[in-house]
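Colleague: Take me through this model, please. I want to know what each label rests on.

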Amino acid sequence: MLYQELRIVFMGTPEFAVASLEALLHAGCTVVGVITAPDKPAGRGMELQQSPVKKYAVQKGLPVLQPEKLKNPDFLNALRSLKADLQVCVAFRMLPEIVWNMPPMGTINLHGSLLPQYRGAAPINWAVINGEKETGVTTFRLQHEIDTGNILLQESFPIGTEDTAGTVHDTMKKTGSQLLVKTIKGIADGTITETPQIIPAGASVHHAPKLFTETCLISFNKPVEQVYNLVRGLSPYPGAFTYLNGKKLKIFKAVVGQLHPDEDPGEYKTDGKTFLAFACADGYLYLKEVQLEGKKKMLIDDFLRGYQFK
(Lines give C-alpha, C1' and ligand atoms only; values in the text may rest on other atoms or scores of the structure.)
Protein backbone atom coordinates (compact mmCIF):
# COMPACT_ATOMS: atom_id res chain seq x y z
CA MET A 1 0.00 0.00 0.00
CA LEU A 2 1.27 3.50 -0.81
CA TYR A 3 1.74 5.58 2.34
CA GLN A 4 0.00 8.52 0.62
CA GLU A 5 -3.17 6.41 0.47
CA LEU A 6 -3.38 5.95 4.24
CA ARG A 7 -6.11 8.01 5.88
CA ILE A 8 -4.39 9.52 8.93
CA VAL A 9 -5.88 11.27 11.95
CA PHE A 10 -3.29 13.39 13.78
CA MET A 11 -3.50 14.05 17.53
CA GLY A 12 -1.37 16.71 19.22
CA THR A 13 -1.46 20.05 20.99
CA PRO A 14 1.80 21.97 21.62
CA GLU A 15 4.30 23.58 19.28
CA PHE A 16 6.45 20.41 19.47
CA ALA A 17 3.69 18.51 17.62
CA VAL A 18 3.35 21.09 14.83
CA ALA A 19 6.67 20.00 13.30
CA SER A 20 5.35 16.44 12.97
CA LEU A 21 2.05 17.49 11.40
CA GLU A 22 3.93 19.75 8.99
CA ALA A 23 6.30 16.90 8.06
CA LEU A 24 3.38 14.57 7.31
CA LEU A 25 1.78 17.10 5.00
CA HIS A 26 5.10 17.88 3.26
CA ALA A 27 5.62 14.15 2.69
CA GLY A 28 2.25 13.92 0.94
CA CYS A 29 0.42 12.04 3.70
CA THR A 30 -3.38 12.22 3.67
CA VAL A 31 -4.35 13.81 6.99
CA VAL A 32 -8.14 13.58 7.21
CA GLY A 33 -8.53 15.19 10.63
CA VAL A 34 -6.73 16.75 13.58
CA ILE A 35 -7.58 16.22 17.25
CA THR A 36 -6.29 18.83 19.68
CA ALA A 37 -7.06 20.43 23.05
CA PRO A 38 -10.02 22.80 23.47
CA ASP A 39 -9.30 26.54 23.26
CA LYS A 40 -8.28 27.91 26.66
CA PRO A 41 -8.45 31.39 28.19
CA ALA A 42 -4.99 32.93 28.62
CA GLY A 43 -3.23 36.26 29.03
CA ARG A 44 -4.35 39.36 30.87
CA GLY A 45 -7.62 39.58 28.97
CA MET A 46 -8.24 35.82 29.44
CA GLU A 47 -9.12 35.59 25.76
CA LEU A 48 -9.57 32.12 24.28
CA GLN A 49 -6.29 30.86 22.79
CA GLN A 50 -6.02 28.15 20.17
CA SER A 51 -3.38 25.44 20.55
CA PRO A 52 -0.37 25.69 18.20
CA VAL A 53 -1.57 22.52 16.44
CA LYS A 54 -5.05 23.98 15.89
CA LYS A 55 -3.63 27.22 14.48
CA TYR A 56 -1.53 25.27 11.99
CA ALA A 57 -4.34 22.86 11.08
CA VAL A 58 -6.78 25.73 10.42
CA GLN A 59 -4.18 27.44 8.19
CA LYS A 60 -3.95 24.23 6.17
CA GLY A 61 -7.73 23.78 5.98
CA LEU A 62 -7.77 20.52 7.95
CA PRO A 63 -10.87 19.41 9.90
CA VAL A 64 -10.30 19.94 13.64
CA LEU A 65 -11.97 18.22 16.60
CA GLN A 66 -11.45 19.54 20.17
CA PRO A 67 -13.06 17.15 22.63
CA GLU A 68 -13.23 17.99 26.34
CA LYS A 69 -13.64 14.27 27.05
CA LEU A 70 -12.28 11.55 24.81
CA LYS A 71 -15.12 9.13 25.64
CA ASN A 72 -17.84 11.62 24.67
CA PRO A 73 -20.21 9.77 22.27
CA ASP A 74 -20.48 12.75 19.90
CA PHE A 75 -16.68 12.93 19.63
CA LEU A 76 -16.35 9.18 19.10
CA ASN A 77 -18.95 9.30 16.31
CA ALA A 78 -17.13 12.24 14.69
CA LEU A 79 -13.82 10.37 14.97
CA ARG A 80 -15.30 7.23 13.39
CA SER A 81 -16.72 9.30 10.55
CA LEU A 82 -13.17 10.28 9.53
CA LYS A 83 -12.57 6.61 8.62
CA ALA A 84 -8.90 6.70 9.57
CA ASP A 85 -6.62 3.79 8.65
CA LEU A 86 -4.05 4.98 11.21
CA GLN A 87 -3.91 7.49 14.07
CA VAL A 88 -0.74 9.39 14.93
CA CYS A 89 -0.27 10.85 18.41
CA VAL A 90 2.40 13.45 19.24
CA ALA A 91 2.45 15.27 22.61
CA PHE A 92 -1.26 14.75 23.24
CA ARG A 93 -2.89 13.11 26.27
CA MET A 94 -3.60 9.57 27.40
CA LEU A 95 -6.04 7.90 25.04
CA PRO A 96 -8.73 5.45 26.15
CA GLU A 97 -8.70 2.10 24.37
CA ILE A 98 -11.90 2.94 22.49
CA VAL A 99 -9.91 5.72 20.79
CA TRP A 100 -6.46 4.18 20.23
CA ASN A 101 -7.90 0.86 19.08
CA MET A 102 -10.39 2.41 16.63
CA PRO A 103 -8.53 2.43 13.28
CA PRO A 104 -7.61 -0.89 11.60
CA MET A 105 -3.88 -0.05 11.75
CA GLY A 106 -4.08 1.19 15.34
CA THR A 107 -2.41 4.27 16.80
CA ILE A 108 1.28 5.15 16.84
CA ASN A 109 2.98 7.60 19.16
CA LEU A 110 6.14 9.67 18.94
CA HIS A 111 7.95 9.79 22.30
CA GLY A 112 10.87 12.02 23.25
CA SER A 113 13.27 9.38 24.56
CA LEU A 114 14.90 6.09 23.69
CA LEU A 115 12.26 3.82 25.20
CA PRO A 116 12.07 2.01 27.57
CA GLN A 117 14.15 4.77 29.17
CA TYR A 118 12.35 7.93 30.31
CA ARG A 119 8.76 6.84 30.10
CA GLY A 120 6.50 9.62 31.32
CA ALA A 121 5.44 13.22 30.84
CA ALA A 122 8.80 15.05 30.82
CA PRO A 123 11.44 12.91 29.06
CA ILE A 124 13.43 15.82 27.64
CA ASN A 125 13.76 17.58 31.00
CA TRP A 126 14.77 14.49 32.96
CA ALA A 127 17.37 13.35 30.44
CA VAL A 128 19.16 16.72 30.80
CA ILE A 129 18.62 16.88 34.59
CA ASN A 130 20.25 13.45 34.91
CA GLY A 131 23.25 14.53 32.87
CA GLU A 132 22.65 12.12 29.98
CA LYS A 133 25.06 12.41 27.06
CA GLU A 134 22.55 10.99 24.59
CA THR A 135 18.82 10.88 24.03
CA GLY A 136 16.56 10.30 21.06
CA VAL A 137 13.08 9.65 19.74
CA THR A 138 10.97 6.53 19.52
CA THR A 139 7.90 5.67 17.49
CA PHE A 140 5.79 2.94 19.05
CA ARG A 141 2.31 1.41 19.06
CA LEU A 142 -0.06 2.52 21.77
CA GLN A 143 -1.34 -0.08 24.21
CA HIS A 144 -2.85 -0.09 27.73
CA GLU A 145 0.07 1.03 29.90
CA ILE A 146 1.58 4.40 29.06
CA ASP A 147 4.73 4.39 26.88
CA THR A 148 5.03 0.58 26.92
CA GLY A 149 3.92 -0.43 23.41
CA ASN A 150 6.00 -2.19 20.77
CA ILE A 151 8.84 -0.08 19.36
CA LEU A 152 8.70 0.70 15.65
CA LEU A 153 11.75 2.92 15.02
CA GLN A 154 14.29 4.85 17.10
CA GLU A 155 16.90 7.50 16.41
CA SER A 156 19.45 8.87 18.86
CA PHE A 157 21.38 12.13 19.05
CA PRO A 158 23.92 13.60 21.51
CA ILE A 159 23.22 16.01 24.35
CA GLY A 160 26.02 18.58 24.65
CA THR A 161 27.31 19.84 28.00
CA GLU A 162 25.74 23.26 27.35
CA ASP A 163 22.47 21.99 25.91
CA THR A 164 19.26 22.89 27.73
CA ALA A 165 15.83 21.29 27.66
CA GLY A 166 14.99 24.00 25.12
CA THR A 167 17.79 23.17 22.67
CA VAL A 168 17.17 19.43 23.01
CA HIS A 169 13.44 20.07 22.38
CA ASP A 170 14.25 21.92 19.15
CA THR A 171 16.55 19.15 17.90
CA MET A 172 14.05 16.50 18.93
CA LYS A 173 11.02 17.97 17.17
CA LYS A 174 12.93 17.95 13.84
CA THR A 175 14.45 14.49 14.32
CA GLY A 176 11.13 13.15 15.58
CA SER A 177 9.09 14.53 12.69
CA GLN A 178 11.42 12.87 10.17
CA LEU A 179 11.32 9.57 12.08
CA LEU A 180 7.52 9.72 12.12
CA VAL A 181 7.33 10.03 8.32
CA LYS A 182 9.81 7.16 7.98
CA THR A 183 7.65 5.08 10.34
CA ILE A 184 4.44 5.71 8.39
CA LYS A 185 6.16 4.77 5.13
CA GLY A 186 7.45 1.57 6.78
CA ILE A 187 4.01 0.66 8.12
CA ALA A 188 2.45 1.21 4.71
CA ASP A 189 4.95 -0.96 2.83
CA GLY A 190 5.30 -3.57 5.59
CA THR A 191 9.05 -3.14 6.13
CA ILE A 192 8.97 -2.36 9.87
CA THR A 193 9.45 -5.12 12.43
CA GLU A 194 7.87 -4.29 15.78
CA THR A 195 10.05 -4.89 18.83
CA PRO A 196 8.61 -5.42 22.32
CA GLN A 197 10.06 -3.19 25.02
CA ILE A 198 12.24 -5.41 27.18
CA ILE A 199 14.06 -4.19 30.27
CA PRO A 200 17.06 -6.46 30.96
CA ALA A 201 17.22 -7.95 34.45
CA GLY A 202 19.13 -5.67 36.80
CA ALA A 203 19.16 -2.75 34.34
CA SER A 204 18.52 0.71 35.74
CA VAL A 205 15.52 2.41 34.20
CA HIS A 206 15.05 6.17 34.43
CA HIS A 207 11.56 7.61 34.60
CA ALA A 208 10.27 10.99 33.46
CA PRO A 209 7.44 12.04 35.78
CA LYS A 210 5.59 15.33 35.54
CA LEU A 211 7.50 18.35 36.84
CA PHE A 212 6.26 20.03 40.01
CA THR A 213 7.33 23.18 41.85
CA GLU A 214 9.38 21.13 44.31
CA THR A 215 11.28 19.59 41.37
CA CYS A 216 12.43 23.07 40.39
CA LEU A 217 13.68 24.24 43.81
CA ILE A 218 17.48 24.05 43.85
CA SER A 219 19.22 22.16 46.65
CA PHE A 220 22.72 23.60 46.87
CA ASN A 221 23.81 20.76 49.16
CA LYS A 222 24.31 18.69 46.00
CA PRO A 223 27.45 18.58 43.80
CA VAL A 224 27.71 21.60 41.51
CA GLU A 225 27.43 19.47 38.35
CA GLN A 226 24.07 18.15 39.52
CA VAL A 227 22.82 21.67 40.24
CA TYR A 228 24.09 22.83 36.84
CA ASN A 229 22.25 19.96 35.12
CA LEU A 230 19.04 20.83 36.97
CA VAL A 231 19.28 24.41 35.67
CA ARG A 232 19.84 23.17 32.10
CA GLY A 233 17.07 20.60 32.36
CA LEU A 234 14.49 23.18 33.45
CA SER A 235 15.51 25.95 31.03
CA PRO A 236 13.70 27.76 29.50
CA TYR A 237 10.63 26.29 31.21
CA PRO A 238 9.57 25.96 33.98
CA GLY A 239 12.90 27.24 35.35
CA ALA A 240 15.02 26.13 38.32
CA PHE A 241 14.84 28.56 41.21
CA THR A 242 16.19 29.60 44.58
CA TYR A 243 15.48 32.54 46.86
CA LEU A 244 17.48 35.75 47.07
CA ASN A 245 16.65 37.87 50.11
CA GLY A 246 13.19 36.32 50.31
CA LYS A 247 12.29 36.67 46.60
CA LYS A 248 12.14 33.84 44.09
CA LEU A 249 15.07 33.92 41.66
CA LYS A 250 14.83 31.74 38.55
CA ILE A 251 18.10 30.68 36.97
CA PHE A 252 18.12 29.96 33.22
CA LYS A 253 21.85 29.91 32.45
CA ALA A 254 24.85 29.25 34.63
CA VAL A 255 28.42 27.95 34.53
CA VAL A 256 30.31 25.69 36.90
CA GLY A 257 33.17 26.94 39.07
CA GLN A 258 35.26 24.08 40.45
CA LEU A 259 36.98 25.94 43.31
CA HIS A 260 35.99 24.48 46.66
CA PRO A 261 33.71 27.07 48.27
CA ASP A 262 34.49 28.88 51.50
CA GLU A 263 30.77 29.54 52.03
CA ASP A 264 28.19 27.01 53.19
CA PRO A 265 25.99 25.48 50.46
CA GLY A 266 23.29 27.95 49.43
CA GLU A 267 25.25 31.05 50.44
CA TYR A 268 26.31 33.41 47.69
CA LYS A 269 29.25 35.61 46.84
CA THR A 270 29.25 38.61 44.50
CA ASP A 271 31.23 41.70 43.59
CA GLY A 272 27.91 43.48 42.99
CA LYS A 273 28.89 44.23 39.38
CA THR A 274 29.99 41.29 37.28
CA PHE A 275 29.27 38.00 39.05
CA LEU A 276 26.89 36.25 41.43
CA ALA A 277 27.73 32.71 42.49
CA PHE A 278 26.06 30.26 44.85
CA ALA A 279 28.09 27.77 46.84
CA CYS A 280 27.28 24.10 46.22
CA ALA A 281 28.69 20.99 47.93
CA ASP A 282 31.92 21.00 45.92
CA GLY A 283 32.01 24.15 43.79
CA TYR A 284 30.27 27.37 42.76
CA LEU A 285 27.38 27.89 40.40
CA TYR A 286 27.98 31.18 38.56
CA LEU A 287 24.70 32.68 37.39
CA LYS A 288 24.54 34.00 33.81
CA GLU A 289 20.83 34.60 33.09
CA VAL A 290 18.21 35.10 35.79
CA GLN A 291 14.73 36.40 36.52
CA LEU A 292 13.79 37.87 39.87
CA GLU A 293 10.18 37.56 40.99
CA GLY A 294 8.13 40.33 39.34
CA LYS A 295 10.94 41.28 36.93
CA LYS A 296 11.99 40.42 33.39
CA LYS A 297 14.55 37.78 32.45
CA MET A 298 17.99 39.38 32.16
CA LEU A 299 21.72 38.73 31.89
CA ILE A 300 23.60 38.78 35.17
CA ASP A 301 25.44 42.06 34.45
CA ASP A 302 22.14 43.86 33.86
CA PHE A 303 20.61 42.25 36.92
CA LEU A 304 23.47 43.29 39.19
CA ARG A 305 23.38 46.87 37.90
CA GLY A 306 19.85 47.30 39.20
CA TYR A 307 19.89 45.08 42.30
CA GLN A 308 20.66 46.27 45.84
CA PHE A 309 22.01 43.51 48.08
CA LYS A 310 20.88 43.72 51.70
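Modeller: Start with Leu82. Not counting residues up to four places away in sequence, Leu82 touches Arg7, Val9, Val32, Gly33 and Leu65. Touching is a contact, meaning heavy atoms within 4.5 Å.

Colleague: What kind of model is this, and what was left out?

Modeller: This is a predicted model, where local features need pLDDT of at least 70, side-chain atom pairs count only at pLDDT 80 or more, and totals for chains, interfaces and linings use all residues. Residues are numbered from 1 along each chain as its sequence is written, and side-chain values use heavy atoms, with hydrogens and water left out.

Colleague: Why is Leu82 called buried?

Modeller: Buried means under 20% relative accessible area, exposed means over 50%, and partly exposed is in between (1.4 Å probe, protein chains only). Leu82 has 14%, so Leu82 is buried.

Colleague: Where does Leu82 lie?

Modeller: Leu82 lies in the loop between helix H3 (73-81) and strand E6 (86-90). Helices (H or I, at least four residues) and strands (E, at least two) are DSSP runs, numbered from the N terminus. Gly33 is 49 residues away from Leu82 along the chain, yet their C-alpha atoms are separated by 6.8 Å.

Colleague: How many helices and strands does the protein have?

Modeller: The protein has nine helices and 15 strands. Of its 310 residues, 48% are buried.

Colleague: Is the crossing of H1 and H2 left-handed or right-handed?

Modeller: The H1 and H2 crossing is right-handed.

Colleague: Which residues make the contact of H1 with H2?

Modeller: From H1 come Glu15, Ala17, Val18, Leu21, Glu22 and Leu25. H2 brings Pro52, Val53, Tyr56 and Ala57. By class there are eight nonpolar, no polar and two charged residues. Ala, Val, Leu, Ile, Met, Phe, Trp, Tyr, Cys and Pro count as nonpolar, Asp, Glu, Lys and Arg as charged, and the others, Gly among them, as polar.

Colleague: And H6? At what angle do the axes of H1 and H6 cross?

Modeller: The axes of H1 and H6 (residues 165-189) cross at roughly 35 degrees and come within 8 Å. This crossing is right-handed. Among the H1 residues in the contact are Phe16, Ala19 and Ala23, and H6 residues include Met172, Leu180 and Ile184. The contact has eight nonpolar, three polar and two charged residues.

Colleague: On to the rings. Why do Phe275 and Tyr286 form a tilted pair?

Modeller: Rings of Phe, Tyr and Trp (its six-membered ring) pair if their centres lie within 6.5 Å; planes under 30 degrees apart count as stacked, over 60 as edge-to-face and the rest as tilted. Phe275 and Tyr286 are 6.0 Å apart centre to centre, with 50 degrees between the planes, so they pair and count as tilted. Phe275 lies in the loop between E12 (268-270) and E13 (276-279) and Tyr286 in E14 (residues 284-292), so the pair ties together parts eleven residues apart in sequence.

Colleague: Why is Phe275 partly exposed?

Modeller: Its relative accessible area is 27%, so Phe275 falls in the middle class.

Colleague: What makes the pair of Tyr307 and Phe309 edge-to-face?

Modeller: The angle between their planes is 80 degrees, at 4.8 Å centre to centre. Tyr307 counts as buried at 15% relative accessibility, whereas Phe309 counts as partly exposed at 24%.

Colleague: Last one. Why does Asp147 count as buried?

Modeller: Asp147 has 7% relative accessibility, so buried is the label. Asp147 sits in the loop between E8 (134-141) and E9 (151-158). Its phi is near 60 degrees, a positive value in a residue other than glycine.

How values were computed
A crossing is left-handed if the near helix is turned anticlockwise from the far one by less than a right angle, and right-handed if clockwise. Axes are lines fitted to C-alpha atoms, for helices over the stretch in contact, and angles run from 0 to 180 degrees between N-to-C directions.
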